[in-house]
Structure formats: C-alpha cells, structure tokens
Amino acid sequence: MRLAIVLLFGLVCSLPAWARNASLDSLLTVLDETIERHQRYADRREQQIDLLQGRLRAAGIPTDERYRLNHRLYQLYDPYVCDSTIAALNRCIDLAESLRRPDLAARDRIRLGYVLASAGMYMEAIDRLRQVDWTRLDSLARVDYYVACDHVYGELGFYTQDRSLGRYYRRRSEAYKDSIRALAAPSSVVYLELEETRLRDGGMLDEAFRLNQRLLAAVAPDTREQAILYYNRALIYREAGDAVAYRTALARSAIADIRAAVKDHASLWMLAQALFDDGDLERAYRYVVFSWSETSFFNARLRAWQSVDDLELISNTYQSMLHRRNAVLQRYIVFASVLLVLLVLALVYIWRQVKRLARTRRELLQANERLNGLNAELKQMNAELQQANTQLREANTIKENYLARFIKLCSTYVDRLEAYRRMVGKKIAAGQTAELLKISRSPSVLDDALDELYSNFDSVFLRIFPDFVAQFNALLREGEQILPKADGQLSTELRIFALIRLGITDSSQIAEFLHYSVNTIYNYRARVKNKARCREDFEQAVVRIA
C-alpha cells in the first residue's frame with residue numbers, strides 16, 4: 001500500500017514537467033513550420049524594399065523626401081541585410097548634411113555606429129561615434145548616443161582576448177550605462193531594458209521576469225522587439241536553471257524573428273546548441289544550418305565568426321550519427337535480404353495454395369453476387385411496401401378524421417338550413433319582406449359559415465399534424481417564421497400550405513376553397529417561397545411534413 005502511494009505521488013509530481021515538455025514539443029513543431037514558410041516572410045519584406053527603391057529611382061524627388069525614403073529603407077534593411085543597412089545610413093548622413101540638418105546627421109551616425117558594432121566593425125563604429133558632437137545633442141539623442149557607445153564597448157569587452165583591455169572596455173560600458181540611467185526617463189523602454197539586465201545580472205530574477213513581462217505586454221506580436229524580449233526572458237530562465245522554460249523562450253524568440261523577416265538573430269542558434277546538448281541532433285542540425293544560411297544572407301562578419309565553431313561541432317556530430325545509423329542500416333539490409341528470400345519461398349507456396357482456391361472463390365463470389373442482387377431487390381420491394389403502407393395509414397387517418405367532421409358539418413348545415421327556411425317562412429307570412437331582403441344581402445351569414453368551415457378545417461388538420469406549424473417554420477429563414485393568430489387556428493398562409501400538405505396543389509382549387517382569387521393564391525405561395533431556406537424544394541418539403 002505504501003509503495004502504491006509513493007508511486008502515485010511521484011506520478012502526480014511528474015505531471016507538470018510532462019505538460020511543459022509537451023508544450024515545448026508543440027512549440028518546436030510550430031517553429032519547424034515557420035522555418036518552412038520563412039521565404040514567405042522574406043518576400044514580404046523584399047516587396048516593401050522594392051517599392052521604396054522604385055520610388056527613390058523616380059526623378060525630381062525633393063531632398064527631404066529622399067531622406068525620409070532612405071531612412072525608411074534603412075529601417076527595412078536593419079534586421080535584414082547588414083551591408084545594405086550601412087549603405088542606407090551613409091546615404092541618410094549625406095542627405096542630412098545637404099539639408100543642413102546636423103541633428104539628423106548626428107542621429108544617423110549614432111545608428112551607424114550601433115550597426116557597425118553589431119557587425120563586428122568596432123574601429124569603424126568608434127570612428128563614426130567620434131564624429132558626433134554629443135554636447136550638442138538633445139536628451140533623447142544623447143541617450144541613443146550612450147546606448148551605441150555602451151553597445152560598442154560591451155561587445156569589445158566580451159570578445160577581446162586581452163584581459164586587461166577587456167576590463168577597460170567593460171568599465172567604459174558600465175560608465176555609459178550609468179549615463180543612460182541618469183538621463184533616460186524611468187518609463188522609457190531603454191531604461192526598463194537596462195534595468196531588466198541589471199536585475200538579472202544581480203540575481204533578482206523574479207523582479208527581472210516581472211519587468212520583462214511588462215515590456216512584452218507593450219509590444220506587437222511577431223516583431224523584432226518581441227523576439228528580443230523573449231531572448232532576454234530566455235537569459236532569465238537560464239540564470240534560474242529552468243531548462244525547459246529557457247528552450248521555450250528561445251523558440252518563441254526564433255519564431256518572432258523569422259516571422260518578422262529578421263536575419264540577424266541569435267535565438268535559433270542558442271536553441272540549436274541547447275537541443276544539441278539534449279541529444280536532439282537532427283533538429284539541432286536543421287536549426288544550425290538554417291541559422292547559418294540566414295547569417296550568411298545578413299552578411300555580417302562577426303556573426304559568421306561566432307557561428308563557425310558551433311556549426312563545425314554540430315555538423316561533425318551529426319555526420320558521426322549518420323555514419324552509425326548507416327552501419328546499423330546495412331545490418332538491417334542484410335537481415336532484410338534473408339527475410340526477403342524466405343518471403344519469396346513462402347510466396348511461391350502460398351501462390352500454389354491460392355491457385356487451388358481461386359476456382360472455389362470465384363464460384364462463391366458468383367453465388368454471393370446473385371444472392372446480393374436478390375437481397376437488394378427484396379430490400380427495395382420492402383421499402384416500397386413500407387412507403388405505401390405509411391401513405392395508406394396517413395390517408396386513412398385523414399379520411400377518418402375528415403369524414404367524421406364532414407358528417408357533423410352536413411348535419412349542422414341541414415339544421416341551419418331548416419332553421420333558415422322556417423325564419424324565411426315566418427318573415428314572408430308576416431309580410432316582412434324588406435327585412436328578409438336585408439338579411440339575404442348581408443354577408444355575415446356567409447362569413448360566419450366560412451369562419452366555421454375554416455375553424456373546423458384547422459382543428460382537424462392540427463389534430464392530424466400537431467407539429468405542422470413548427471416543422472413548417474423550420475423550413476423558413478431565421479426571422480421569417482409565420483405564426484398562427486391563435487392556438488388551434490391557422491393563418492391564411494399556413495392554411496394554403498396545409499392544403500398543399502393534403503395533396504391539393506392546384507392554385508385554382510385552393511382559391512375555390514378559401515374564396516380567394518387565383519392570383520392572390522399565387523402571390524401568397526410566391527411570398528412564402530421567398531422566405532424559405534431552400535426555395536426550389538420548399539413545397540416538396542412541406543408535403544413530407546409528418
């Protein structure tokens with residue numbers, strides 16, 4: 001009993017981990033599908049770039065408009081092609097100087113410095129940033145300047161092989177971070193991202209996660225910004241030692257990168273390394289090859305230099321795995337060949353046995369076909385008999401109900417006729433011919449008789465078909481239902497189609513019964529058909545109402 005409790009407790013405790021692994025597997029499947037469709041997202045960005053380049057090739061564009069178009073082109077190239085991004089920013093700097101806008105030129109030099117540092121061209125980045133007179137910048141531009149400088153020296157401190165220079169670059173980077181904190185607004189994205197990094201590096205992971213969650217809620221899905229924030233979240237999970245959450249965040253970042261047509265991304269590469277450590281070599285190899293192709297397209301020498309060692313390691317491991325699999329496959333092929341020979345011998349024996357049974361099977365099949373044909377004929381005959389029986393029962397029911405009511409009506413009309421005859425005799429005997437003439441001209445007698453006739457018709461019909469109104473309205477479109485004036489009483493439209501249900505389909509006969517003109521009956525039928533869900537088969541469906 002105690003062992004069973006321990007096993008049950010272990011199973012319950014393992015459920016959350018199993019669910020998280022299942023969620024990661026589903027996310028990796030989405031990532032695989034996104035990679036297969038990556039060209040679609042790239043084509044969308046190419047179309048935007050081609051459109052802008054076409055507008056730039058037009059003659060007579062004012063310089064300020066040309067600057068605006070080149071700046072938009074830089075934004076499209078920034079995460080897409082490195083050298084094109086650099087060229088677009090250089091054009092923006094030249095155009096800003098021709099416009100005599102040193103503020104715009106300074107901002108573009110800052111952006112260019114950041115891009116050059118991301119591409120590994122640190123000296124060029126520092127040269128560009130030194131061209132900026134930071135004392136003339138406004139507060140927002142100065143924050144961008146500090147961010148670019150922090151990025152340059154942070155990259156230098158991370159990648160340099162000289163320890164003393166590394167410490168110097170890191171001190172410069174920290175100094176620029178302090179300047180950013182002092183100048184940037186506490187609610188700005190730059191400040192909050194810097195604060196998130198500080199909290200993560202300081203081991204305050206819960207606070208860093210909450211800040212990352214706040215930043216993520218403010219960005220649009222499938223954008224470069226979302227990809228960066230999920231990448232930062234992965235770093236938080238890595239510090240926390242949550243391997244599954246770390247891989248999940250990297251997968252979400254990679255999906256956002258690909259859908260945003262970002263070619264310069266690290267998430268997929270890091271995810272490939274993690275999956276390689278997990279032993280998922282095939283997926284790791286696919287991801288690293290795809291990431292390498294994206295990095296080559298982006299054309300930044302730093303990214304290629306960062307990737308080559310891991311690419312070689314994963315590739316060699318994958319090739320070794322393929323060799324082992326090929327060796328196993330060869331053994332399987334030998335074993336399968338032996339089985340194939342045995343199978344051929346067995347097939348020869350079976351073929352001989354099948355040949356003996358073929359004649360008997362054909363005879364049985366022919367007998368079965370004849371029996372099936374007879375069974376089909378019997379089924380059809382039974383169906384026709386059942387349908388005829390149903391129609392006969394329905395007709396008998398209708399006849400019985402209407403016959404009883406008809407006899408009663410005849411008796412009633414005979415009594416009324418006798419009463420009317422006596423009344424006429426009395427009026428004539430009393431010399432009240434004028435009053436008698438007035439009574440004969442009054443339509444009330446006919447109206448009362450018709451009302452009683454229709455009331456009797458409605459009562460008998462609804463007793464035979466109690467669900468007629470509901471089934472009839474089910475054939476009409478929503479909001480077009482026809483309701484009776486009162487319980488047990490049909491409206492004119494319902495009465496017309498009640499007669500059709502009884503088999504009276506001729507409009508002239510219906511008009512004669514209801515004392516309407518034939519055109520009026522046509523109009524009623526057409527109007528109700530226009531409300532039907534299926535106009536063509538509407539009356540046939542009414543006839544089938546049970």
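The largest nonpolar core in this predicted model has 35 residues, and Ile-86, Leu-137, Tyr-145, Val-152 and Leu-156 touch the most other members. A nonpolar core here is a set of buried Ala, Val, Leu, Ile, Met, Phe, Trp, Tyr and Cys residues joined through side-chain atoms within 4.5 Å. Buried means under 20% relative accessible area, exposed means over 50%, and partly exposed sits in between (1.4 Å probe, protein chains only). In soluble globular proteins, nonpolar side chains tend to be buried together.

So where does this core come from? Helices H4 (82-98), H5 (102-118), H6 (122-130), H7 (139-159) and H8 (163-183) each supply at least two of its residues. H7 gives the most, with nine residues. (Helices, H or I with at least four residues, and strands, E with at least two, are DSSP runs numbered from the N terminus.)

Take a look at Val-152. Skipping its neighbours within four places in sequence, Val-152 is in contact with Gly-113, Ala-117, Tyr-122, Ala-125, Ile-126 and Leu-129, where contact means heavy atoms within 4.5 Å. There's also a second, separate core of 32 residues, including Ala-254, Ile-258, Leu-275 and Phe-290.

Now for the charged side chains. Side chains of opposite charge can pair when their charged atoms come close. A salt bridge is counted when a side-chain nitrogen of Lys or Arg lies within 4 Å of a carboxyl oxygen of Asp or Glu. How many salt bridges does a search of the whole structure find? The count is 22. Here are some of them:

| Pair | N to O distance |
|---|---|
| Arg-283 and Asp-32 | 2.6 Å |
| Glu-294 and Lys-263 | 3.1 Å |
| Glu-539 and Lys-529 | 3.5 Å |

Arg-283 in helix H14 (residues 281-298) and Asp-32 in helix H1 (residues 2-36) are 251 residues apart in the chain. Arg-283 is buried at 16% relative accessible area, and Asp-32 is buried too, at 14%.

Helix H14 also holds Glu-294, while Lys-263 sits in the loop between helix H12 (243-259) and helix H13 (267-278), 31 residues apart from Glu-294. Both Glu-294 and Lys-263 are buried.

Residues are numbered from 1 along each chain as its sequence is written. Because the model is predicted, local features need pLDDT of at least 70 and side-chain atom pairs count only at pLDDT 80 or more, while totals for chains, interfaces and linings use all residues; side-chain values use heavy atoms, leaving out hydrogens and water.
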